[in-house]
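Morning, everyone. I have one structure to walk you through today. Please have a look at it before I start.

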Amino acid sequence: MERAIKAANHLGYAVFVCALPGDMLACTIPAIKRIFIDCRLTDDEQTAHLWHEVGHVHHGHPCDKRARTAAARAHERQADRFAARMLIDPAKYAALEAVNPDQHHLADELGVPVEYVHIYEQHCLTRVRGTTYTHAREGLGQWAHRTEVA
């Protein structure tokens, strides 16, 4: 979670973990540059939701959580992809997938909610003839996972 907090701070946002009303899990308020995460979530869930909210800020999405428009759904998917890329290390994913490709196993080993493993597999990987390629991460260090082969 420390990396996600630093990313939020770098974008000018403060992060607060507290009890949120009702079934709200996370909330970003751009006017006061604050991100709120529900304290009832597990550590892994808090980290995932924080990266998702940082994704909204990173991409400059308007605060439209209640909107049911196509644009709002597209913003949610984009924030999910951002979070999946930030949560999952490509090298670690590859090593774990070689042993057991089950999404629940991968989620447990990676310490992320299973829905982010699914998002990562759907949107961040390309499989061609038995070889899996990962797309670039976003932001600073996007190619840090790349290894040189002689």
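How many bridges join β1 to β3? Five, and the two strands run parallel. Keep in mind that this is a predicted model.

Let's stay with that pair. F16 has its bridge partner in β3, and that partner is F36. As background, strands of a sheet pair through backbone hydrogen bonds, either parallel or antiparallel.

Now the whole sheet. Three strands form an open sheet, and the order is β1-β3-β2. The pairing is mixed. β1, residues 14–18, and β2 are the edge strands. Each has a single partner strand, so one side of each has no neighbour in the sheet. On average, neighbouring strands here are turned by 15° against each other, direction ignored.

Next, the helix. α2 covers residues 43–59 and lies across β1, β2 and β3. Relative to β3, helix α2 runs at about 155°.

On to a loop. K33 sits between β2, at 26–29, and β3, at 34–38. K33 is not a glycine, yet its phi is positive, about 55°. K33 is also partly exposed, with a relative accessible area of 40%.

Last topic: cysteines. How many disulfides are there? The count is zero. Take C18. The closest cysteine sulfur to its own is in C39, at 6.8 Å, so the two are too far apart for a bond. A disulfide would need the sulfurs within 2.5 Å. Is C124 buried or exposed? C124 is buried, at 0% relative accessibility. C18, at 27%, counts as partly exposed.

That's my tour. Questions, please.

Terms used. Residues numbered from 1 in each chain as written. Predicted model: local features only at pLDDT ≥ 70, side-chain atom pairs only at ≥ 80, totals over all residues. Heavy atoms only, no water. Buried < 20%, exposed > 50% of the residue type's maximum accessible area, 1.4 Å probe, protein only. Helix = DSSP H or I, 4+ residues; strand = E, 2+ residues; numbered from the N terminus. Pairing = 2+ DSSP bridges. Axes fitted to C-alpha atoms, helices over the stretch in contact; angles between N-to-C directions. Contact = heavy atoms within 4.5 Å.
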